[in-house]
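My notebook is open, and I want to look up some side chains today. I'll start with a term I need.

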Amino acid sequence: MLPFYVLEDSIAVVIDIFRASSSICYGIHNGASAIIPVSTIEECQSFKDKGYLLAAERNGAVVEGFDFGNSPFSYTAEKVQGKTIVLTTTNGTHSIQLSKNAKKVIIGSFLNLSAICNWLTEQNESIVLVCAGWKENFSLEDALYAGAVVEKLQDHFSIYDDGAIASLDLYQYAKADLPRYLKKSSHSERLKKLHIEKDIAFCLKFDILNTIPVLKDGKLIKLDQSNTKPAEVEDFPSELVKSKID
């Protein structure tokens, strides 16, 4: 659906909740210098021997021969602080590449939901919520996040898209127990088969980060929010976040 939207005059919020956008937000928050999103495994491999960490995921699993995939637990400060990571995933990094003609591209997750929405409210720009989905198909978790954004922004923006309205209705139906609702999602089932339920639980944590990744010159870096009102969130250290999941 993305080619039907005018991105050049809009801010694109790329959403891949399970797990690329969540891991990107966590990695940038934990001090990664930059994350370079690429579409293919071959592109990622071309950065070998350049001093970068290489991360590749396909169908939920780490691609053999790479440093790690897109589990958020691979993006702790101990592993990524001060490092540049080249990342390719099944859905998320492809969606970032498709959105690169937008006026600005940022990465959204439940982890930084309030920070994203506070910043968007202060921008006088149109917004396109880009749900990565699964191999170009609809996914529940991405639509639910889009609905959460719409709920927070609906008093500040006009909604011109039925997909946004549907996402809002879906989120308001499911938000009382989001983890339980998403147990039925196809991607949750895929990740469970890989025995990484902790990843799912982590990606559904609300507002544990203030950081917003933004695409600049082909790299995802930390957005400068010096002129933005801080989000009303708890900024947990990575050790505390992990203990909450355990």
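A polar contact is a pair of N or O atoms within 3.5 Å; within protein, one must be able to donate a hydrogen and the other to accept it, and residues adjacent in sequence count only if both atoms are side-chain atoms. I'm working with a predicted model, where local features need pLDDT of at least 70, side-chain atom pairs count only at pLDDT 80 or more, and totals for chains, interfaces and linings use all residues. Residues are numbered from 1 along each chain as its sequence is written, and side-chain values use heavy atoms, with hydrogens and water left out.

**Entry 1: Asp 207**

I looked up what the side chain of Asp 207 reaches, and found the backbone nitrogen of Leu 113 at 3.4 Å. I also noted a polar contact of 2.6 Å between the side chains of Asp 207 and Ser 114.

**Entry 2: aromatic rings**

I found seven aromatic pairs in the structure (rings of Phe, Tyr and Trp, using its six-membered ring, with centres within 6.5 Å; planes under 30 degrees apart are stacked, over 60 edge-to-face, the rest tilted). One of them is Phe 68 with Tyr 75, edge-to-face at 5.1 Å centre to centre and 75 degrees between the planes. Tyr 173 and Tyr 181 have ring centres 5.9 Å apart and planes at 80 degrees, so I wrote this pair down as edge-to-face too. I also saw that ring pairs link Tyr 26, Phe 73 and Phe 202 into a cluster.

**Entry 3: a charge over a ring**

Lys 50 lies over the face of Phe 47, 5.2 Å from the ring centre. For this, NZ of Lys or CZ of Arg must be within 6 Å of the ring centre and within 35 degrees of the ring normal.
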